[in-house]
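Please look over the sequence and the model first.

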Amino acid sequence: MDHSREFLERLLDVIEKDIAPKTSTAVQEGNKLFGAAVLRKKDLSLICADTNKETEWPLLHGEVSCLRTLNSMPVSEQPPAKDCYFIATHEPCSLCLSAITWSGFDNFYFLFSYSDTKDAFNIPHDLKILKEVFKCDHGSYAHSNAYWTSYDIVKFIDALPNQQDKEALHRRVVGLKEQYNHMSEVYQQHKKEGNRIPLN
Ligand SMILES: [Zn+2]
């Protein structure tokens, strides 16, 4: 895939217009701020998007919730995973890395990294589970392996050859970060009030 400005912009559009509005509602109900979407490779059209629903069931992370929504669509509307891009707002945790693998995707793209999740959004479990359960330090899973390659959207923005393109997209990322910071505050407030999510 060529990671052109248009391509990267489309991914940011999907996060802003298709994922974040669902998350904005779900965090009010006590869910975490993670979301995901599936797009067709051929024209970047949206197949589905969804958000974390841990208050319903703690395994309904944003990515798993999105995969469940995909699976609930009529079979004729579900392209093979190999023909799709998987977009995650945040670098997927070990559960979701496995879910993406078992669902047959050969890629995923994410906007916020594990360190953003831990530091900016105050949710440390991704890194901690990888270390404690898998003895994988610093979240250093295999970014490219026999199943898929993972892509950090911000790194591709940094690599854009045109300075104006780079700055324009970075501004959008800053805007999204502000929006997610706000949703994080809503979640953290619910966390303080006490929810039933085991790892909150
Ligand atoms: Zn997850």
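Contact means heavy atoms within 4.5 Å. This is a predicted model: local features need pLDDT of at least 70, side-chain atom pairs count only at pLDDT 80 or more, and totals for chains, interfaces and linings use all residues. Residues are numbered from 1 along each chain as its sequence is written, and side-chain values use heavy atoms, with hydrogens and water left out.

**Zinc site**
- His61 (ND1), Cys93 (SG) and Cys96 (SG) are the protein donors of the zinc ion, at 2.2 to 2.3 Å.
- Donors are N, O and S atoms within 2.8 Å of the metal (3.2 Å for Na, K and Ca); water is not among the atoms, so sites may look incomplete.
- Along the chain, the donors follow the spacing H-x31-C-x2-C.
- Histidine 61 is buried at 18% relative accessible area, and cysteine 93 is buried at 8%.
- Buried means under 20% relative accessible area, exposed over 50%, and partly exposed in between (1.4 Å probe, protein chains only).

**Cores**
- A nonpolar core is a set of buried Ala, Val, Leu, Ile, Met, Phe, Trp, Tyr and Cys residues joined through side-chain atoms within 4.5 Å.
- The largest nonpolar core has 34 residues; Leu12, Ile15, Ile87, Leu111, Ile153, Ile157 and Tyr180 touch the most other members.
- A second, separate core of 28 residues includes Cys84, Ile100, Phe108 and Leu130.
- Beyond its neighbours within four places in sequence, tyrosine 180 is in contact with residues including Ile15, Ile19, Leu33, Phe112 and Phe121.
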